[in-house]
Amino acid sequence: MTSTAAIAGSSPRPTYPDEARAALLRAANINPRTGLATDYLNHFNEAIMLLEMVPDMPECASDFLEWQPLSYAEHFTASNFKARDLAIEAYETADAQIRAEFDHLTDSMTKILTEVGSAMRQLHQDKSRVALAEQAIVWVKPLVMLTAGIINGAAEADVDSIMAGA
């Protein structure tokens, strides 16, 4: 009598379509559970980095003002991300609830950054631009962290309670 353990141990485990897809997504740095890639956060981290330079070099506000919002698909289409088509497709087929949470946070970050840009364009004093840049960082950094949690499949984030404590 042959044991199933001996048979299972003697041949490679079969790969099923879901496992193959998960491996493909992992290889492309896309979370297979969420269908999202942290690479998109680079778009927001770039804006944060530019804002962080404003207090020491107020002339860098003009660099921040060149930042343009990009959707997930626009970011990957414009990027050198090697699996950009897969990233876009995985996002489009991601679980609706995960995507809704993700979109809510990224929409919030985009709104904050574009509103800060609009306000900075109206300001002419470096002191005011610095204060606005510092406040924007306080608003956006926690949202980036929450978004990373969603991308990485962390438990549902209660955005309202976290933001109430910020």
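Modeller: Read along the sequence, the chain follows the pattern α-α-α-α-α-α-α-α-α, with nine helices and zero strands; helices (H or I, at least four residues) and strands (E, at least two) are DSSP runs numbered from the N terminus. This is a predicted model, in which local features need pLDDT of at least 70 and side-chain atom pairs count only at pLDDT 80 or more, while totals for chains, interfaces and linings use all residues. Residues are numbered from 1 along each chain as its sequence is written, and side-chain values use heavy atoms, with hydrogens and water left out.

Colleague: What share of the 166 residues is buried?

Modeller: Buried residues make up 37% of the 166, where buried means under 20% relative accessible area, exposed over 50% and partly exposed in between, with a 1.4 Å probe and protein chains only.

Colleague: Which residues of helix 7 are buried?

Modeller: They are Phe102, Leu105, Thr106, Met109, Thr110, Ile112, Leu113, Val116, Gly117 and Met120.

Colleague: And how far apart are the end C-alpha atoms of helix 7?

Modeller: They are 38 Å apart, which agrees with the 39 Å that its 27 residues (96-122) should span at 1.5 Å a residue; the expected span is 1.5 Å times one less than the number of residues.

Colleague: What caps the N-terminal end of helix 7?

Modeller: Aspartate 95 does, with a side-chain oxygen 3.0 Å from the backbone nitrogen of glutamine 97.

Colleague: How do helix 3 and helix 7 pack?

Modeller: Helix 3 (residues 41-53) and helix 7 pack at an angle of about 35°, with their axes 11 Å apart; the axes are lines fitted to C-alpha atoms over the stretch in contact, and angles run from 0 to 180 degrees between N-to-C directions. The contact (heavy atoms within 4.5 Å) is made by Phe44, Ala47 and Leu51 of helix 3 and by Thr106, Met109, Thr110, Leu113, Val116 and Met120 of helix 7.

Colleague: Last one: where is serine 79?

Modeller: Serine 79 is in the loop between helix 5 (72-78) and helix 6 (84-92), and is buried, with a relative accessible area of 12%. A polar atom of the serine 79 side chain lies 3.0 Å from the backbone oxygen of phenylalanine 76.

Conventions: Polar contact = N/O pair within 3.5 Å; in protein donor to acceptor, adjacent residues only side chain to side chain.
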